[in-house]
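Have a go at each task before you read its solution.

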Amino acid sequence: MSGLGKRVPELSFETMAKHILPEIPEVNIDDTRKTLVTAGHLTKAGWAVFPKMPAEGPAPEAVVFKALESVHNQIRDCAQFVESRRKPRPTLSYVASGNITLNNTAFERSPDTSRPDGYGYLQGDQAISLQMIASKTCTKWDSEGWFDIAYAGEYKKYDDVNERNDNVEKVLWSMQQIMRIDARRRFTFGLTTENTTTRVWFCSRQTVIVSQPFDFMKDHDVFIYLVVSLTFGSVVALGWDPTMSLWFDKESGHNCGYDITVFNHDINDPTIYRTVQILSDVAAEILCGPGTRVFEAYQIDEHGTKIGPNVAIKDAWTDCTRTPEADILKAITKDAIPEEKSYFLTVLVWGNVLIDGCEDHTEDVMMRGMRIDYKNRRASIGSQCIPIRKYILSQKHDISEVEFNSSFPGAYEFCQFHARHHQRIVFKEIGTTVYSLKSMKTVFGAARDVSKALEIMFKHGSYVHRDVSPGNILMVDGKARLADLEYAKVMDTDSKHDVPTGTINFIAIEVSEQGYLFQTTAWSREDSVQPPLVHNPLHDLESVWWVVVWCLFWNAVDKTSGDPAFPQSEDQITEQMVLAERIFPQHRSQRLSIFHNNRVFVKYWSAFMEVQQVFAGYADAARAILTDAYRAAELTLPKCIDYKAFTDIHERFARPFELAMEKCEDCRLRSLLEVHDICRRDNKRKRGEEDEEEDDNPAPL
């Protein structure tokens, strides 16, 4: 949630209805209101099921707002449409209950006990949960689940700052749950109510937007339109992806997956793939971002029959301002020889996702052409501009009605996200990440291979990767391949400051600091102008080095078969964990001193076992080569960095890893956290056995 910043754009409900909520042009609001009045559901005082304001009664929130379920049903039943339009079948039903734990175990995720106060739930053959419960064949589905939740609601009896903050936190969490659990979700909605003050929330992989508040007891037409829009909106308009469907094996009752349509970029010809397992979905945890998921899958025909070998499918929301990853790979490998191409993945097909014939887009499609201009604090629809108010996510004071004030620089800035489009790439190779490697020699071999891949990128077009991490290094048939090139770009010494990219634990220090750190004192005086930082090959290689260091510190030496205990004691494991936590996640001072100073790094790895220290020594040699190259490259600043420092740097940097593979005795690795837990349990059990022995053999009086 922290990635959202402290503020999100706030739009009028009318703008939300016109550009974000599902369109229901056939609904007649006037006739619907009159029908509700005639039926006795709506009076001058408000909704009849609320004889008094929620804040005025003694009943708990769950009881008070249970009445909203009745209001939703009444609006649904009384909804009137134009004469030429037959009343559509409702897509959703509304449930107001904070006592239901929703199912989310279809893909082996850990159980979640969160309970939204209310939610809109898919009905009929649209609901996969209802199908599975009714069939009684899929043992994982025994209750309503997050897969069929269109939107979540949170309610409070009282309208004050603390209650609003709590509602905001919970509705954002629910929206994040919806987006992370189900890969079919392109966007989702949320509702928050404090007493009678209601806001509508929207989130996509680009942004979170909230409506200006309205009173659901007084603003009848607004609330009627909201309920009709959400109740009768199409599945696609409510945020589901029609090119991705859930499937489950009715015979076994266990296997679940997705059928994914991939459109060929050149001819938009669709191909359907059926997933076998999720290879990676860590990025889907972040509400606004690429939401990257990688699946192992295979192609199927119209009958569901498998065609060809298994492949990897990458599904992601990519920045519209960036070159597609497949095109970057094509440019890098265009003039490469086959051996050079083997350091990268092979693209079989790729294309943008099509929704009703249009390329899926967070602004053009989801917001029907509305652009969010964060810098100038406005939304634009064609030539029309609408001022954006701000909504503070965590408020100490009630200032939600305050307009932007330019006299307070930076006081109301948003987290700015570019528009995103939805892309899928099918890769021939299926690899495993460095996170799963169980051999130190394999780790060092991966570092050597990735250094070669980065050399090839720089050789063919001066490309830099800008996001080297363990998750982007894949082992395929014993060889490392560099993946995830969506942030790669041609190095440009004349560019403005690059937007820093990378994974926090592995990003180069200069990139995170956005400044040069190896410059001489000749130009680094206070009156000197800091030149723009250019992401260069040294930064990518430094990320490789941090990957190796991460593997050294967050893995322990595994015990050999037949050995009852690990070679390291619990105290040694604990000491190593303390040191690892000082470096990862990123701590500026520790990382800077470790990378700059040989003595500091040696002090850190002195806690290792001897077999680990040998490997750490070779890693230190690679660090020294890299820091020397940094100093050489920055000698010519502030004019520009010296390209000569990059000559053979990839080969020189990789040499210590090559030597370690040749000369070191290998050691099997095991997760440091796992070993720590095992050692604690074993020692606890031993202490318990010793206590029992003392009880059985009491000391003589």
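**Exercise 1. Are lysine 314 and glutamate 486 buried or exposed, and which contact do they form?**

Step 1. Both lysine 314 and glutamate 486 are buried; buried means under 20% relative accessible area, exposed over 50%, and partly exposed in between (1.4 Å probe, protein chains only). Please keep in mind that this is a predicted model, in which local features need pLDDT of at least 70, side-chain atom pairs count only at pLDDT 80 or more, and totals for chains, interfaces and linings use all residues. Residues are numbered from 1 along each chain as its sequence is written, and side-chain values use heavy atoms, with hydrogens and water left out.

Step 2. Lysine 314 and glutamate 486 form a salt bridge, their closest N and O atoms being 2.7 Å apart. The term stands for a side-chain nitrogen of Lys or Arg within 4 Å of a carboxyl oxygen of Asp or Glu.

Step 3. Lysine 314 lies in strand β15 and glutamate 486 in the loop between β27 and β28, so this pair ties together parts that are 172 residues apart in sequence. Helices (H or I, at least four residues) and strands (E, at least two) are DSSP runs, numbered from the N terminus.

**Exercise 2. Find the salt bridge between aspartate 484 and lysine 314: which parts of the chain does it tie together?**

Step 1. In this salt bridge the closest N and O atoms are 2.8 Å apart.

Step 2. Aspartate 484 sits in the loop between β27 (479–482) and β28 (489–490), and lysine 314 in strand β15 (residues 306–319), so the pair ties together parts that are 170 residues apart in sequence.

**Exercise 3. Which residue does arginine 424 meet in a salt bridge?**

Step 1. The partner is aspartate 315, at 2.5 Å from N to O.

Step 2. This pair links distant parts of the chain, with arginine 424 in strand β23 (residues 420–427) and aspartate 315 in strand β15, 109 residues apart.

Step 3. Arginine 424 is buried, as is aspartate 315.

Step 4. Now look at shared partners: salt bridges join Lys314, Glu325, Asp484 and Glu486 into one network. A search of the whole structure finds 32 salt bridges.

**Exercise 4. What is the strand order in the open sheet of 3 strands?**

Step 1. The order is β24-β26-β27, with antiparallel pairing.

Step 2. β24 (432–433) and β27 are the edge strands, each pairing on one side only.

Step 3. Between β24 and β26 (residues 473–476) there are 2 bridges, and threonine 433 stands opposite leucine 474.

**Exercise 5. Which backbone features can you find at arginine 368, serine 462 and proline 638?**

Step 1. Arginine 368 has a positive phi of about 50° although it is not a glycine. It lies in the loop between β18 (358–359) and β19 (371–373), and is partly exposed, with a relative accessible area of 26%.

Step 2. Serine 462, also not a glycine, has a positive phi of about 60°. Its place is the loop between α10 (440–459) and β25 (463–464).

Step 3. Leucine 637 and proline 638 are joined by a cis peptide bond, with omega about 10°.

Terms used
Two strands pair if DSSP finds at least two bridges between them.
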